[in-house]
Amino acid sequence: MEKLNILLVGSGGREHALAWKIAQSPLCGRLVAAPGNPGIAAVAELRPVKVTDVDGLVALAREIAADLVVVGPESALEVGLADALAKADIPCFGGSAQAARLETSKAFTKDFCARHGLPTAAYGVFTDAASAGTFLDTLAAPFVIKADGLAAGKGVVIAATRQEADAAVLDMLGGRFGSAGARVVIEEFMHGEEASLFAICDGQTAVLFGAAQDHKRAYDGDTGPNTGGMGTYSPPPVLTDALVDQAWRELVLPTVAGMAAEGCPYVGVLYAGLMLTEQGPKLVEYNARFGDPECQTLMLRLESDLVPLLLAAAKGQLASAPAPVWREEAAICVVLAAEGYPDAPVTGGLIQGADSEFGGEAVIFHAGTTRDAEGRLVASGGRVLNVCALGATLHEARDVAYAALGTVSLEGGFYRTDIGWRALSQHG
């Protein structure tokens, strides 16, 4: 196969991990990232086009004669980038705006689950506080309150009391998340451990693409506010082969078939957030892209070439594509976040040590970085760096990652010191 011109859309840690892996492919001829970040600049050309600038991205894809566009963030899918690329006859790894509703509208996904009999929590969708309160009367604490639309991983409140639940409903309906909170989804609380399962899809066929376990709370011991993710590891021991098989049969395959039957075939990554309950795996949420930071650990563990899989999915040819091959090692990712994250992250903090050569199995991905006027690396977002590592065991991977993290500094930055604690406490 001739070498490919590839356009990668996005600027976070997920996209840096994808760029790092794509650049290793013998099929990758020219890799362009828009808008990218200083870390991605080491392996790709950067172009200053925003992820929601559909016309600009289509024009860029045409300019570089892109053979494949890989979409990282969900916001680009929501505004119809994949649809526009399809009209331009440019292969895109990423779903249509209609298909991406599995992530961009929690109400759509819950209703889809109801239509297709998929295992998930009991729920209600509301646009006014009075109706929401009536539904809350039927549930027992704790309560799960979600903004319907995209809220950068922060639109979920686990309310311990009814008073907190009512406040969260009023907060969301009152405009905290803008149009994303115009509707709220209220769910019964599910008990169990959460884990994430990934599938690559081409509209008809799905291929299993690993699993991970995330840490959403900001501080050690799973305390503090919900975030976009403070760290992750893969594979998660709690997600056994039997549970993976059950989730695949009861959730993933019916979802792919159901979306196709409803006229919006699903292309790209289907990320199933699962609650492992006593009744079996139930869906917490779907995401329409690689998780962040889950993607980082998957890219470290993926031994085979990523590009043929992405291209096959984009062209509807997954059934004849080679299956992914995984390294046996465990991978871990620790997020170094800016002071004030997730509510009001402080940007501009000086980063030191991120360009070091760590040797061994440690890799740093840039998540929220930029260069200042003097060319120094500074924080530009809430999650700033992803310090990742491989190890023969999760314990070993964790030690390598935290050793590397000890050589990096961010003014006012913080990170969790207990990433992987569930697996390590239960499985050694």
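Which strands does helix α2 lie across, and at what angle to β1 does it run? Hi everyone, let's take that one together, keeping in mind that this is a predicted model. Helix α2, residues 54-63, lies across β1, β2 and β4, and it runs at about 160° to β1.

Those strands belong to an open sheet of five, ordered β3-β2-β1-β4-β5, with parallel pairing. At the edges sit β3 (45-46) and β5 (92-93), each pairing on one side only. Strand β1, residues 4-10, is joined to β2, residues 28-35, by seven bridges.

Now to the nonpolar cores. The largest has 55 residues, and the members touching the most others are L7, V69, L81, L197, L239 and L270. Helix α9, residues 241-261, gives this core its largest share, eight residues. Take V69: beyond its neighbours within four places in sequence, it contacts L7, V9, A61, L85, I90, P91, C92 and F93. Another core, of 43 residues, lies apart from that one, and includes L18, I22, C28 and C333.

Last stop: E103, in helix α5, residues 101-104. Is E103 buried or exposed? With a relative accessible area of 6%, it falls under the 20% cut-off, so E103 counts as buried. Its side chain makes a polar contact of 2.6 Å with that of R289. Setting aside neighbours within four places in sequence, the residues in contact with E103 include E74, T109, L150 and Y286.

Notes
Residues are numbered from 1 along each chain as its sequence is written. This is a predicted model: local features need pLDDT of at least 70, side-chain atom pairs count only at pLDDT 80 or more; totals for chains, interfaces and linings use all residues. Side-chain values use heavy atoms; hydrogens and water are left out. A nonpolar core is a set of buried Ala, Val, Leu, Ile, Met, Phe, Trp, Tyr and Cys residues joined through side-chain atoms within 4.5 Å. Buried means under 20% relative accessible area, exposed over 50%, partly exposed in between (1.4 Å probe, protein chains only). Helices (H or I, at least four residues) and strands (E, at least two) are DSSP runs, numbered from the N terminus. Contact means heavy atoms within 4.5 Å. A polar contact is a pair of N or O atoms within 3.5 Å; within protein, one must be able to donate a hydrogen and the other to accept it, and residues adjacent in sequence count only if both atoms are side-chain atoms. Two strands pair if DSSP finds at least two bridges between them. Axes are lines fitted to C-alpha atoms, for helices over the stretch in contact, and angles run from 0 to 180 degrees between N-to-C directions.
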